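This report goes through a structure chain by chain and then turns to the packing between its parts. The sequence and structure are shown first.

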Amino acid sequence: MLSMFVLWFVVFIGVFMRKGWVIPLTLVTLVWTLLLLRLHMTDPIPLNF
Amino acid sequence: MTMSTRFDDTFTGMNAVRISRVINVLALFALLGVLAGSLHLQFGIGEQPCPLCLVQRSGMIGLAVGPVMNLMWGIRASHYALSILAAVVGSAGSIRQILLHIEPGDPGYGPAILGLHLYTWALVTFVIAIVGCAVMLLWDEPFHVKDQGIRHAKSWFRVVALTAIFWVFANLIIIGVSVIPECGLGMCPDDPQNIDGLGDINGWLAVLSVGVLALAFALAVVVNQRMADLPERADAEA
């Protein structure tokens, strides 16, 4: 899970240096966060959708 | 001068940009308040963040990226869009955790603050952020000016904005480093062991928090001075 925050760190450095890859990397970081969330969804929740 | 002319003067052009900048700085300070609350629970009380809590913290940091880019690069719709996407990702973590503890009689995870658990407060924060970004997107005026960020703003405002930005950055580093002893480089345990808290908010934890703020402020003053030394542009603000 450290990787999420390492990615955010790089995003912030990119913002400070006005790099063009900031927005794509932000999107990658958000997708990575979602993936880690999915990996931690181990308990089933019985809901009737 | 008619009433509508005065209104137009106040809420158009660079004034619109200035108002947007103030709102973005206030948003960063509000976010810092939320992060400070979670860090106090972690280090002051000793409540270690669960994996879903870390996902929500990641969403909180993502929320800050939009305002930080608005201040550093200029007000853009795409920056608000990033904050909205981060809020959606963070709220996915919050909703997941709320559903895990939704059954009557479930004590929930961690302590409740003002009747709500932290993950519920996180969802409230994410929803407010989405609504806030949507409201800012409804206001076209700041996007008509080719704003270049706080680089050419007034010196005192630049210091305040940079302090907020560096303070968020410092929080990101603290959160990131604190993950290492809890989880190492891999996945975090589902139910982490709590640690002994460092004590009361009035104790040295407060001193440490003020120290981080002082560091952010000092860095802001240095960067502000470097920005002030940059050559003036023709379209620079008065």
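## Model and chains

The model is predicted. Chain A has 49 residues, of which 31% count as buried. Its secondary structure consists of two helices and zero strands. The C-alpha trace of chain A spans about 50 × 20 × 10 Å along its principal axes.

Chain B has 238 residues, and 39% of them count as buried. Eight helices and two strands are found in chain B, arranged along the sequence in the pattern α-α-α-α-β-β-α-α-α-α. Among the contacts in chain B with a separation of 6 or more, 83% are between residues 24 or more positions apart.

## Interface between the chains

The two chains touch through 24 residues of chain A and 33 residues of chain B. On the chain A side, α1 (2–16) and α2 (22–39) each supply at least two residues. By class, that side of chain A has 18 nonpolar, four polar and two charged residues.

The crossing of α1(A) and α7(B) is left-handed. From α1(A), the residues in this contact are A:Leu2, A:Phe5, A:Val6, A:Trp8, A:Phe9 and A:Phe12. They meet B:Phe169, B:Leu172, B:Ile175, B:Gly176, B:Val179, B:Ile180 and B:Cys183 of α7(B). The contact of α1(A) with α7(B) has 12 nonpolar residues, one polar residue and no charged residues.

## Packing of α2 and α7 in chain B

Within chain B, α7(B) also packs against α2(B), at an angle of about 30° and with the axes 10 Å apart. Angles under 35 degrees count as roughly parallel, so α2(B) is roughly parallel to α7(B). The crossing of α2(B) with α7(B) is left-handed.

On the α2(B) side, the contact is made by B:Arg21, B:Val25, B:Leu28, B:Phe29, B:Leu31, B:Leu32, B:Leu35, B:Leu39 and B:Gln42. On the α7(B) side, B:Val160, B:Ala161, B:Ala164, B:Ile165, B:Trp167, B:Val168, B:Asn171, B:Ile174 and B:Ser178 take part. The classes in the contact of α2(B) with α7(B) are 14 nonpolar, three polar and one charged.

## The nonpolar core

The largest nonpolar core has 66 residues. The residues with the most contacts inside this core are B:Leu28, B:Leu31, B:Val68, B:Ala164, B:Ile165 and B:Val168. Both chains take part: two or more residues each come from α1 and α2 of chain A, and from α2 (13–45), α3 (51–73), α4 (77–100), α5 (118–138), α7 and α8 (204–228) of chain B. The largest share of the core, 13 residues, comes from α3(B).

B:Leu28 is located in helix α2 of chain B. B:Leu28 counts as buried because it has 24 C-beta neighbours inside 10 Å, and 20 or more are required for that class. Apart from neighbours within four places in sequence, B:Leu28 is in contact with B:Ala64, B:Pro67, B:Ala164, B:Ile165 and B:Val168.

## Positive phi in two loops

A:Arg18 is placed in the loop between α1 and α2 of chain A. Its phi is near 55°, a positive value in a residue other than glycine. A:Arg18 has 12 C-beta neighbours inside 10 Å and therefore counts as exposed, the cut-off being 12 or fewer.

In chain B, B:Leu114 lies in the loop between β1 (112–113) and β2 (116–117). B:Leu114 is not a glycine, yet it has a positive phi of about 55°. B:Leu114 is exposed, because there are 5 other C-beta atoms within 10 Å.

How values were computed:
Residues are numbered from 1 along each chain as its sequence is written. Chains are lettered from A and ligands numbered from 1 in the order in which they are written. This is a predicted model: local features need pLDDT of at least 70, side-chain atom pairs count only at pLDDT 80 or more; totals for chains, interfaces and linings use all residues. Two residues are in contact if their C-beta atoms, placed from the backbone, lie within 7 Å. Helices (H or I, at least four residues) and strands (E, at least two) are DSSP runs, numbered from the N terminus. Ala, Val, Leu, Ile, Met, Phe, Trp, Tyr, Cys and Pro count as nonpolar, Asp, Glu, Lys and Arg as charged, and the others, Gly among them, as polar. A crossing is left-handed if the near helix is turned anticlockwise from the far one by less than a right angle, and right-handed if clockwise. A nonpolar core is a set of buried Ala, Val, Leu, Ile, Met, Phe, Trp, Tyr and Cys residues joined through C-beta atoms within 7 Å. Axes are lines fitted to C-alpha atoms, for helices over the stretch in contact, and angles run from 0 to 180 degrees between N-to-C directions. Angles under 35 degrees count as roughly parallel, over 145 as roughly antiparallel, 65 to 115 as roughly perpendicular and the rest as oblique.
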